[in-house]
Amino acid sequence: MSATAASMDQPRPGPMDTVRTFGRNNAWTLGLLGFLALLLVFTKVVNPFYSLGSLSSTATSVLPLALAAVAQAIIVISGGIDLSISAQMALTSCVAATMMKDNPGEGTAVAIVIGVLLLGLLLGAVNGALVVLTKVPDIVVTLATSFVWAGVALLVRPAPGGSAALWLKDLVVGPAGIDLLPKAAVLLVVIVAVVWIPLSRSRLGLSLYAIGSDPLAAFRSGVPVSRTKFLSYVITGLVAAFAGLSLTASTGIGSPVPEPTYVLISIGAVVLGGVSLAGGIGGVFGPLVAVVVLQLIRDDMTFMRVNPNYGLVAQGFILIGVLMAGSFIQMRRSRT
Amino acid sequence: MTAAADTPGARAWLRPAAWRNLLRDYPLIPLTVLLVLLVMTVELARPGTVSPNWAAFTVRQAAVLAILAACQTLTMLTGGIDLSIGYIASMAGFVTATFVHQPGGWAFGVVVALAASALAGLVSGVGIGIFRVHPLIMTLGMGLIVFGFSNVWQLQSVQTGAGVPAELRTLGTGLTADVIPNDLAVFVPVAVALILLLRRTGYGRMLYAIGDNPVAARLSGVRSWQVLVVLYVLSALLAAVAGLLQSGLSNTASVTLVTPYLLPSVAAAVIGGTSILGGRGGYSGTIVGALILTVLAGFLSIILPEPWRQIVFGSIVVLVAAAYTRATAAG
C-alpha cells in the first residue's frame, strides 16, 4: 500500500497547482492513516483477542467494499458518479459463481475470471455510452442501469448459490506468509497497482482529472472529453468486476440482490478519502483507507457489545461530521 | 428557440422544433398522451384489465409514489436530491405501528414519527444549507443514521409488538363509494398545496431561483440557507406522510418498507420533466410521471417475470430521460 502513497508524493511535470493539489491530498490521506493507526490501537484495547491474525479476516471482509470504493473514486475523479456499482458487483459475482458451479475445474476457472472481467468492461461501456450519447445526467443513467443489471443478475441466478474455485477462495482468505500481511490486502494492492498506477501516470489518467476538474477547459486544451468520459466508465466497470469476483471469492457464492449499502458506503468512503464530489481532486488511496476506517469502527462497536445497528448510525454521523467540518474549514479559508 | 422556429404560419407546427418546444414548454401534454397510450396498450394486451377497480388500485399506489416523488421534485428544483426519504418514510410507518398498544395510541405514534422525521430533515437542511455539504452525501448519511436508529428501535419494541393501526389501513386501502381511494383525501390537498406553493408563492420562486443560478439568487437577496433548511424539513415530512400511507396500504410495518420506492421516486420526477440539474420542472408533471410508472410497473408485473420487469423498467427510464434531454437541449 505504501507504494501507492510514494507514487503520489512524486511531483509530476505540470503546473504548480497540480503539485499543490497532490500535496493537499496527501495531507488528508496521512491524517486518515494516523486515525486508522489510532483506531487499530483502540481495537486492540476493546478486544484483547484481536491479534495480527484477525487482521486478515478484517481484510477479507472489507475487500469487496474497498474495490467498490476504488471503482467509485475513479468515476468521481472524472466528474461523474456511478450508482450502479453494487448492481454490477451482484451481476458479475452471480455470473462467476454460476459458471464455476457449472464448469468445475481449476483451469476453466481462470478462463471464467477473465470472461467476468471482460463482462465488467462491457457493463461499464454500456453505462459510458449511454451517458455520452444521450447526455442524460449520470445519476439518472446509472440509477436506471442499476435496475437492468440487477434484473440480468436475477435471470442468471434466481436465488443465491453457485460456487467458487478453490484457488479463488484461497486468494482472499488468510494471511500471506506472515500474519501481518493478509492475502486480501496483497490482492488489493496488486489490483490497484495493475489498474490505477499505470492509469494515473498515463495521458488518459491526466485527462480523467482534466475532465473532472473542468470539462470545458479540458475540451479547449484538446482533451477528447466524450472519449475520456466513456473510458472512465469502462475502467470503473472493470474494477467493479474485480469487486464482484472478490465477493464470490470471499462468500463462495453469488447473490443476485445488490447490497444497497455498498453504493452508499462507496460514495461516503470516496468523499471521506479526500476526493471532491465536484471531480478533479483526489486519488484512490484515501478512499481505501477510509473504507477500512469505516469498517473497523463498525467492528469495534460489535466488540464493545454495542447494538451493531448503532454502527450504521456512527458511520452516518462520521460521514456527515467530517464533511461539515471540512466545508466549514474551507469556507473560513475562502473568506479570509 | 431559433428565429426560424419563430416565424408565424400554420406550417410552423409541422417542424420538429415545434414539437421539441411543446415537449419542453408543456411537458404535461405529451406525458398525458403517453399515459393514455400506455393504458390503451394494457387494455389491448389483456382485454378487461382496465376497470374502475384497476383504476382505484393504480391511483392508490401512485399517490404514495407521487408524494415520495414530490420530495425529489422540490429538492431537484434547487439542484439537490433527497436520498434519505426511503428510510425516513419506512421509519415513520414503523414507529407509528409500534405505538398501537402503547399509552397514547397510534395518534401519539404519528406525532412522534413526524417529529423524528422533521428532526432528520432539519439536520440534513442545516448540513446542506449552512455547511454546504453536497445534498447527495448529506441525505445519504442521514439515511444511514435513520436506518440505524430504526433498527435499534425495532429491537427494543419487539416485546411490545407492532401492528398497523386500523385507521391507517382504512386510509390506505379503503374505497369511498367503491371507486374513490381514501388516500386521495391526503394526496389531493398535498398536491394542490405543492402546486400552489411552486407556482404562486415567493418561496416557490426562490426554489427555482436557487436551482437556476445560486449566485444570482444570493445576489438578489435570497437567504439560500433558510430556504434550504425549510425545504429539507418539508421533504422529510412529506416522506413521513408517504410512509404512513404505504404502511396502511400494504398493512405491514417494517424498517425497509418504502426503500424500494427510492429509485422510482427519482425516476417519476425525471420522467415528469423536472431537471436533476435544478431550475426546471414542476409538480403536475411529476404526478403524471408517478402514474405512468405505476401503470407500467403493474403492467410489466402481469406480463413479465420479475427479472425482465426490472430490465424493461430501467431501459424505459433511460429512453424517456434521453428524449427529454434531447428536447430541452436543442433550442
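I began with B:Ser124, which lies in helix α6 of chain B, where helices are DSSP runs of H or I with at least four residues, numbered from the N terminus. I note that this is a predicted model, in which local features need pLDDT of at least 70, side-chain atom pairs count only at pLDDT 80 or more, and totals for chains, interfaces and linings use all residues. Residues are numbered from 1 along each chain as its sequence is written, chains are lettered from A in the order in which they are written, and side-chain values use heavy atoms, with hydrogens and water left out.

Is B:Ser124 buried or exposed? I found it buried, because its relative accessibility is 3% and buried means under 20% relative accessible area with a 1.4 Å probe, protein chains only. Leaving aside neighbours within four places in sequence, I found B:Ser124 in contact (heavy atoms within 4.5 Å) with B:Met138, B:Thr139, B:Met142 and B:Tyr232.

Next I looked up the interface, where 41 residues of chain B are in contact with 38 residues of chain A. The two chains bury about 3600 Å² between them, 87% of it on carbon and sulfur atoms; this is the accessible area (1.4 Å probe) lost on being put together, summed over both parts. In chain B, the residues that lose the most area to chain A are B:Phe131, B:Ile137 and B:Leu144, together 17% of what that side buries.

Last, I checked which helices take part: α6 (105-129), α7 (135-156), α13 (262-271) and α15 (306-329) of chain B each supply at least two residues of the side that touches chain A, and α7(B) gives the most, with 14 residues.

How values were computed
Buried < 20%, exposed > 50% of the residue type's maximum accessible area, 1.4 Å probe, protein only.
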